[in-house]
Amino acid sequence: MTSMMAPPSRVPFYLSVLVAFHITIVIASNYLVQLPIDLFGFHSTWGAFSFPFIFLATDLTVRLIGKASARRVITRAMLPALVASYVVGVLFQEGGFHGWAALGDFNTFVFRIAVASFAAYALGQLLDIQVFDRIRQRSARWWLAPSVSMVFGQALDTVAFFSVAFWRSSDPFMAANWVEIATVDYVIKLVVSLLLFVPAYGVALAAIVRYMRVGPAPAAA
């Protein structure tokens, strides 16, 4: 695809939108990871279907406003996502609303999930940015960079999250099954990413580049 970067005047706006989007997806994924599902006899969680959105957004960020800007999105989103994930996780632990009084007691189980998400998000996204940018500069195939970066970025993200969150967890089910859940979770995220999010990346990038070339339609008189 034709090389094109966003106008510098629009970068602060894009950064703000992306930070808000990242925080929203992290919060949603931390809640959904508490909800287990069975797929073809294997244990997984609903979080496997939501988190790939972040990798799609990150790869588009690198492509349109550069690696340094993508890193700024990650650093600005990390702490708010950690705090918000803990609050939402306590209020809606195991899928039910527990009332605002639940915040009065420190919840070590939810806090551990939030910290795991913090570590996994930072490590996975930074690796994704590095791999994506390097491949993008060396290959003209638009699909290669997002595909490879998602494979490596989501692998590191998954291992970091599940090992920190559930190794010797106070939740007996997660403590006993976190390796299986992490493996199935990674496979699901990888399949969803390669079959849906990589094509979505191509469609979104083509639409954005076309918009940047033409520019917004003039306002009606």
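Trainee: Hi! How many salt bridges does a search of the whole structure find?
Mentor: Hello! The search finds four salt bridges, and remember that we are looking at a predicted model.

Trainee: Why do side chains pair up like that in general?
Mentor: Side chains of opposite charge can pair when their charged atoms come close.

Trainee: Okay, which residue does Arg 136 form a salt bridge with?
Mentor: Its partner is Asp 133, and the closest N and O atoms are 3.2 Å apart. Both residues sit in helix 4, three residues apart, so about one helical turn separates them.

Trainee: Now helix 6. Which residue meets Lys 189 in a salt bridge of 3.1 Å?
Mentor: That one is Asp 185. Asp 185 and Lys 189 are four residues apart in helix 6, so again about one helical turn lies between them. Both are buried.

Trainee: And what about Asp 157 and Lys 189?
Mentor: Their side chains meet in a salt bridge too, at 3.4 Å from N to O. Asp 157 lies in helix 5 and Lys 189 in helix 6, so this pair ties together parts that are 32 residues apart in sequence. Asp 157 is buried, like Lys 189.

Trainee: Changing topic: why is helix 2 called largely enclosed?
Mentor: Because 13 of its 14 residues are buried. Its length works out as well: at 1.5 Å a residue, helix 2 should span 20 Å, and its end C-alpha atoms are 20 Å apart.

Trainee: What comes just after helix 2?
Mentor: Gly 66, which takes a positive phi of about 95°.

Trainee: Last one! Which residues form a nonpolar patch on the surface?
Mentor: Phe 92, Phe 97, Trp 100 and Leu 103, with about 430 Å² of accessible area together. Phe 97 lies in the loop between helix 3 and helix 4, and its relative accessible area is 49%, so Phe 97 is partly exposed.

Key
Residues numbered from 1 in each chain as written. Predicted model: local features only at pLDDT ≥ 70, side-chain atom pairs only at ≥ 80, totals over all residues. Heavy atoms only, no water. Patch = residues over 30% accessible without salt bridge, like charges linked within 9 Å, V, L, I, M, F, W, Y side chains within 5 Å. Areas by Shrake-Rupley, 256 points an atom, 1.4 Å probe, with all protein chains shown as cover. Helix = DSSP H or I, 4+ residues; strand = E, 2+ residues; numbered from the N terminus. Buried < 20%, exposed > 50% of the residue type's maximum accessible area, 1.4 Å probe, protein only. Expected span 1.5 Å × (residues − 1).
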